[in-house]
Amino acid sequence: MALSTSLRSNLIKPLTALTALSSTHRLRSPFSSSADDATVLTIETSVPFIGHNCEPPSRNVETTPKELLGFFHDMALMRRMEIASDSLYKSKLIRGFCHLYDGQEAVAVGMEAAITRRDCIITAYRDHCIYLGRGGTLFECFSELMGRQSGCSKGKGGSMHFYKKENGFYGGHGIVGAQIPLGCGLAFAQKYSKDETVTFAMYGDGAANQGQLFEALNMAALWDLPAILVCENNHYGMGTAEWRAAKSPAYYKRGDYVPGLKVDGMDVLAVKQACRFAKEHALKNGPIILEMDTYRYHGHSMSDPGSTYRTRDEISGVRQERDPIERVRKLILSHELSNEAELKSIEKEIRGQVDDAIAQAKESPMPDPSELFTNVYVKGFGIEVAGADRKEVRGVLP
Amino acid sequence: MAAIFQGIGAAAALPSTEKFHSQSRRFVSGSLFVVRSDGRPSLGSSPRSRGAQHLITNAVAAKADASATSTASKPGHELLLFEALREGLEEEMDRDPRVCVMGEDVGHYGGSYKVTKGLATKYGDLRVLDTPIAENSFTGMGIGAAMTGLRPIIEGMNMGFLLLAFNQISNNCGMLHYTSGGQFKIPVVIRGPGGVGRQLGAEHSQRLESYFQSIPGIQMVACSTPYNAKGLMKAAIRSENPVILFEHVLLYNLKERIPDEEYVLSLEEAEMVRPGEHVTILTYSRMRYHVMQAAKTLVNKGYDPEVIDIRSLKPFDLYTIGNSVKKTHRVLIVEECMRTGGIGASLTAAITENFIDYLDAPIVCLSSQDVPTPYAGTLEEWTVVQPAQIVTAVEQLCQ
């Protein structure tokens with residue numbers, strides 16, 4: 001891994017000591033370290049980008065120590081949250097479907113680094129970490145997963161329906177591929193309002209074979225909508241490997257007339273570079289497809305062991321060679337931005353935050369029965385509604 | 001039971017905060033005189049005589065028949081139903097820059113039924129958007145745009161084509177407000193012509209109101225006259241909820257005189273077409289005209305039917321309907337949906353649950369046959385309810 005550093009001499013200031021973490025346990029708390037904000041590191045990505053109908057961006061990515069440590073913290077937090085959700089599911093506190101994102105954290109974190117909160121992100125059901133990246137709190141996540149009213153969707157959405165409108169996170173959708181036309185609609189609205197922002201519509205390799213993707217892509221290209229379609233290719237559509245589902249698994253090329261870029265989705269710096277490149281491209285030239293080559297350690301969901309269609313060796317192989325958190329850890333250590341002990345203490349702290357959030361969420365109340373009938377309509381007509389046996393009037397629609 | 005009814009009655013009174021004209025209050029000044037699409041003058045007057053032999057043979061494309069007064073002196077302006085829709089649409093697009101239209105051939109072509117004619121020249125290609133033939137994704141696009149605050153009107157060239165967009169309409173349009181805990185509003189209007197036309201064939205004669213009625217979170221309305229078409233279009237655009245506006249292929253050329261001043265109707269209100277005493281006939285869309293034609297025959301035979309155009313298919317205006325049932329004690333539902341799982345089936349259940357004590361006879365529901373609509377003219381005629389069948393049903397009901 002070739003690297004070069006350049007130091008600006010008199011700008012080294014010691015950072016203040018770790019500030020007390022807010023009770024909402026958001027992402028990105030500052031650390032004490034000797035790294036400063038102004039040092040710029042240029043790091044080469046693991047593999048070069050491959051372009052389709054476009055000139056790929058450079059392999060050399062600029063970053064700062066603060067950003068790298070931020071990446072480490074955020075990805076470790078996401079990883080910890082997903083592992084904790086795994087055990088919550090097994091102890092039946094989370095029910096239904098639970099699709100975990102561990103292994104793919106670099107995509108969520110790298111994307112956030114390249115964009116603003118006014119850009120929109122929309123994704124499918126593997127949305128916990130993207131929600132966190134968009135400014136959601138651990139408490140809101142766990143509450144929603146456990147169906148409590150303090151959850152991000154008041155407990156009425158569940159694992160597959162996380163949303164945060166004010167931060168530009170549009171969910172959270174259960175039907176494979178249905179979010180892509182929605183994403184193009186978000187881009188349409190951005191173009192209509194002349195916002196100079198973009199939409200990242202994320203989907204998986206399984207959804208890449210949906211017709212509505214190509215319909216939406218056609219329209220986005222026709223009208224030059226600022227839509228960036230991000231294929232998170234974890235190589236398995238539930239139990240079906242990509243080569244068994246797609247005649248052409250080169251998803252970045254399937255846009256045909258729409259340019260595409262293939263990115264190593266386990267390298268957070270590559271993701272950041274690609275997203276920045278894509279944003280510039282989309283604002284000028286219309287849609288672009290990004291294929292993130294990534295991997296999920298868990299099965300498709302908690303009901304899928306994840307080992308019937310792939311070998312454990314494959315999973316552990318990827319974990320050893322390509323794990324996104326390990327890569328950033330090695331970068332940090334080799335550049336001496338921090339040391340083992342400090343990184344360990346960050347992870348320990350994260351564990352504490354996650355445990356606290358879970359405990360808090362466990363204590364929080366379930367939704368009130370009257371919540372069954374709220375938010376069906378925006379402005380209703382005062383109709384009385386009754387429970388299933390019609391003997392008890394339960395509420396009045398607003 | 002009574003307590004629930006009272007609750008519904010009281011609570012369903014219109015809570016709208018905006019000004020609107022209710023059908024009964026549209027005659028603002030005493031001199032406003034409107035010729036209705038069925039040719040009868042209205043001002044709450046009863047028919048001139050029971051013996052009048054004034055039968056209109058064609059129940060559908062009734063151009064305004066010759067009324068004695070000249071058109072120049074009357075207030076309001078005359079137009080066809082599709083023009084009324086366009087007028088409502090244009091007024092709303094002028095009023096709010098977030099309102100936009102998308103659909104197949106709505107822009108340069110002007111709309112396959114001319115509802116959007118001229119709008120693309122006036123508002124531009126982005127605001128009146130010609131989409132490719134991709135119902136699933138352009139409906140999804142409209143919904144995504146609505147999530148950010150735009151107010152798109154999505155046109156299905158024929159309602160039947162919206163079956164391709166069912167996933168988007170059901171999951172994203174209807175449910176997003178709920179599953180996001182109230183974060184997203186989806187103020188879309190999905191509109192288009194449906195219903196049985198003139199030998200259009202099975203796939204182009206579908207009645208989608210029966211398929212969509214279970215979707216939680218949406219409202220459905222059906223227009224039947226130029227007056228209510230314009231009013232409902234405006235109300236639907238202004239509503240924060242997703243609204244599906246059902247038009248009918250055969251009603252686009254109805255002519256009526258509508259007021260010059262701005263009016264918005266209530267989405268949840270039914271329309272009293274003809275007050276009466278003997279039987280309540282509930283109908284909507286094109287079947288209203290078959291019912292009115294049958295009503296002439298019934299009046300000649302000495303019956304006094306009360307005809308209500310329910311207009312609001314979801315939710316039902318149980319207040320107006322209930323008051324009518326309490327008065328007449330007999331109900332006949334005439335609809336164009338198929339017998340199984342149609343609007344009539346739901347309405348029968350709703351009335352039975354709430355007003356069983358007021359009924360003297362079982363509810364009779366006349367619907368289309370449970371068959372794909374055939375091409376042959378005679379067969380097609382037998383698929384939908386005809387005025388003669390309505391007359392027979394009322395006679396049997398009133399025995």
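**Helix packing and chain contacts**

In this predicted model, helix α1 of chain A passes α10(A) in a left-handed crossing. The two axes come within 10 Å and cross at roughly 150°. Angles over 145 degrees count as roughly antiparallel, so α1(A) is roughly antiparallel to α10(A).

Which residues of α1(A) and α10(A) make the contact? From α1(A) come A:L68, A:L69, A:F71, A:F72, A:M75, A:A76 and A:R79. From α10(A) come A:P324, A:I325, A:V328, A:R329, A:L331 and A:I332. By class, this contact holds 11 nonpolar residues, no polar ones and 2 charged ones.

Helix α1(A), residues 65-90, also packs against α11(A), residues 340-363. Here the angle is about 45°, and the axes lie 9 Å apart. That angle makes α1(A) oblique to α11(A). The crossing of this pair is right-handed.

On the α1(A) side, the contact with α11(A) is made by A:L69, A:F72, A:H73, A:A76, A:L77, A:R80, A:M81, A:A84 and A:L88. On the α11(A) side stand A:L343, A:I346, A:E347, A:I350, A:R351, A:Q353, A:V354, A:I358 and A:K362. These residues divide into 12 nonpolar, 2 polar and 4 charged. A:L69, A:F72 and A:A76 are among the residues that touch α11(A), and they are also among those that touch α10(A).

Now turn to the two chains. How many residues of chain A are in contact with chain B? The count is 46 residues of chain A, against 53 residues of chain B. The size of an interface is often given as the accessible area lost when the parts come together. Between chain A and chain B, about 4,200 Å² is buried. Carbon and sulfur atoms give 66% of that area.

Salt bridges are a separate matter. Between chain A and chain B the count is 0. Over all chains, it comes to 42 salt bridges. One of the salt bridges lies within chain B, where B:E87 pairs with B:K230. The closest N and O atoms of the pair are 2.8 Å apart. Which parts of the chain does this pair link? B:E87 sits in helix α2 of chain B, residues 81-95. B:K230 sits in helix α8 of chain B, residues 226-238.

Terms used
Residues numbered from 1 in each chain as written. Chains lettered and ligands numbered in written order. Predicted model: local features only at pLDDT ≥ 70, side-chain atom pairs only at ≥ 80, totals over all residues. Heavy atoms only, no water. Axes fitted to C-alpha atoms, helices over the stretch in contact; angles between N-to-C directions. Helix = DSSP H or I, 4+ residues; strand = E, 2+ residues; numbered from the N terminus. Parallel < 35°, antiparallel > 145°, perpendicular 65-115°, else oblique. Left-handed = near helix turned anticlockwise from the far one by under 90°. Contact = heavy atoms within 4.5 Å. Nonpolar A, V, L, I, M, F, W, Y, C, P; charged D, E, K, R; others polar. Buried area = accessible area lost by both parts, 1.4 Å probe. Salt bridge = Lys/Arg side-chain N within 4 Å of Asp/Glu carboxyl O.
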